[in-house]
Amino acid sequence: MCWRRRPSCGRRRCRIGLRFSIPRILASSCCSSRSVLVPSSSKQAPAVGRLYTFDFHEARANQARQEFKDHKVDSWVSAAHGDVCKDGFPLPEGVKANAAFLDLPAPWEAIPKVKSVLQWGARVCSFSPCLEQVQRASETFRQHGFEDLQTFECLSRHFDIKTIRMNDQTSQEKSEISFKSIVPYAQIPGHTGFLTFATLNPL
Amino acid sequence: MSSEVVRENDDNIVKDGDQVILKRLNNKYYRAVTVRSSRTVVIDRAKIKLEYVIGHVYGSAFQVDGDQVVKLNRQQPEAVENADDDDSIKEADNRHLLDTSENQKLGKDDIVKMRKEGVSGEAIIEKLIENSATFSGKTEFSKEKYLKKKKAKHIFQFSILRPSARIVAEMLYIKDSAKICHLRIDTLSQILVRGNISANRNILLYETVQGLVTGAILERMGGFGNLYDVYFVDKPSRVALENFNFDKKIYQVFKRVKIGGACKPEVRGISEKIEQPVEEILNVKMEFMDEAPAVGDSPECQEPVDKMPKVDESVVPEIIEKCPSDDDLLANHQFDSLVICSKHHPAPILMHLLPYLRPGSQIVVFSQFSEPLIDCYNRLKELGSVINIKVSETWLREYQVLPNRTHPTINMSGGGGFLLHATKIELPTAT
């Protein structure tokens, strides 16, 4: 499966991978980068699970639908066009989600809407680059009865493996000490976004 | 709105015999328990009769009230105060505060006496506030923090959680991270994603982290595909698997396979590239096997190292004989993923299991230390049939997000282990 890969998304893709390891049903709303995000979660919901995705950009939703068809996952992954902040998450009758992922500029608008389609114990993740968004989303989660809030920053650090040779300056003759070492890259992405997780616990 | 939405189903209810995770509220304390109507669990002097939790929805909160366990009704929280309102910060500060033990008139003995008399946790906290010389002068935030701390100490509230890889991983990392080689939850996430772990795949696994990785993989597979959990000499413990409360159907993909020690399977197609001298192969093997059986491993694996059959030097060379006790099951499968996560040196294990992988498969190796992965990296590079070899670690920081009190948490994990990931390819055959 090939997809364009934004360097930022690899980390968050991996990070949310564990939180949503048993999504029987997952509702996901992204305004961008879905092509990167969904292949990760789409591995996790085979014959017994479903993944419902929503995008307010019609062309992107159509493109996503075509990609799911091309990758032969369209039997359990759907792409709908709609504004979840205004109109909510239209799931089939009687269906409730075990997990939800929000990648929106104003997730606090979608939180009350997503609550109405969640099972008890459902875990929600909101991804936001700015702390103000994180603060507002967390406040909204708490106001709507979500608990076990956790906010993380996660960065992946890659290393080169190099043979390093150093001189032994105390020796009169030219003497070298060499060893193999991991060497971090000089510059790495310092930030992509914050991940905020919350659980909808029963009353 | 929430009361009108039907969220419960049979799947969500705690039943007698379930393996659950008991989590203390406002506290990072977890405990795995088996729910039995006749059982009482004692944690920190609180007696929790498990019969009271049966029939409630997973995630429900309870409070221990003497001999009883009472279900807590979660209220909708009140609107959080306006973050622009700075009065709460301006009204008090600690310029006159002296931090001495004389600030609190009640001593430890007084509190123990109250507890023995059956005074409730809430009443003890009220008494502590009454007898505190400094409480009224604290800022609102400081008061909130004080109350939260006292509540966590004197009132036992907990919730019953349905186990999942996330919760079991958090529990084990907090309780005894040394036993899981300090495998942190984000590194575990990376293993699952980099290894392409999902349903309908054939996965080869070697791990000695109590079964945490095995459970996480099984959860993802959902009962579809094949998971071969291999071991060589010592049979690693799988005690954490019990915590997952899996159905039988999840286990139908799971097989434990013992691989014989002396031989390696034929390395298909690239044997001419391996020119390791026989002594080196032997030495590597002996170093690996000489390590003492790990603490916590299954007690029945008592095969001493010196009983390992000697390698037949004349046959060892580049062409390596087939392993006599190697199952057909392993030989006939072309595995999609290899995951190694162990306190033992990964390099010999990696080289031993590599031939079983199909071209295009993913390799993920975890180690608490970077040096074993440098060794793996060099060996894989020499082969030529493994590409995209990367070594990485993840940096994880948690934040406290509260109005006017948002900051990273004061303590954070210093390390969660290192990962090597790569892809095996098929080399074109020479014409």
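Predicted model: local features only at pLDDT ≥ 70, side-chain atom pairs only at ≥ 80, totals over all residues.
B:Asn245 is partly exposed, with a relative accessible area of 28%, where buried means under 20%, exposed means over 50% and partly exposed lies in between, using a 1.4 Å probe and protein chains only. Residues are numbered from 1 along each chain as its sequence is written, chains are lettered from A and ligands numbered from 1 in the order in which they are written, and side-chain values use heavy atoms, with hydrogens and water left out.

Chain B has 12 helices and 15 strands, taken as DSSP runs numbered from the N terminus, with at least four residues of H or I for a helix and at least two of E for a strand. Of the 431 residues in chain B, 52% are buried.

Let us turn to the sheet. In chain B, 5 strands form an open sheet in the order S2-S1-S7-S5-S6, with antiparallel pairing; two strands count as paired if DSSP finds at least two bridges between them. At the edges are strand S2 (30–34) and strand S6 (68–71) of chain B, each pairing on one side only. Strand S1 (residues 19–24) of chain B is joined to S2(B) by 5 bridges, and B:Val20 stands opposite B:Val33 in S2(B). Helix H5 (residues 165–176) of chain B packs on this sheet and touches S1, S2 and strand S7 (157–161) of chain B, a contact being heavy atoms within 4.5 Å.

Strand S3 (residues 40–43) and strand S4 (residues 46–49) of chain B pair in the antiparallel sense over 4 bridges, and B:Val41 has B:Ile48 as its bridge partner in S4(B).

Most residues other than glycine have a negative phi. B:Asn245, where we started, has a positive phi of about 55° although it is not a glycine, and its place is in the loop between strand S9 (225–231) and helix H8 (248–251) of chain B. In chain A, phi of A:Lys72 is near 60°, and A:Lys72 counts as exposed because its relative accessibility is 70%.

Finally, the salt bridges, defined as a side-chain nitrogen of Lys or Arg within 4 Å of a carboxyl oxygen of Asp or Glu. Over all chains the count comes to 16. B:Glu144 forms one with B:Arg405, the closest N and O atoms being 3.3 Å apart; because B:Glu144 lies in helix H4 (residues 140–154) and B:Arg405 in the loop between strand S13 (386–400) and strand S14 (407–408) of chain B, the pair ties together parts 261 residues apart in sequence. B:Arg405 is buried at 17% relative accessibility, whereas B:Glu144 is partly exposed at 44%. B:Arg379 and B:Asp375 also form a salt bridge, at 3.4 Å between the closest N and O atoms, and, being 4 residues apart in helix H12 (residues 371–383) of chain B, they are separated by about one helical turn.

Methods: Axes fitted to C-alpha atoms, helices over the stretch in contact; angles between N-to-C directions.
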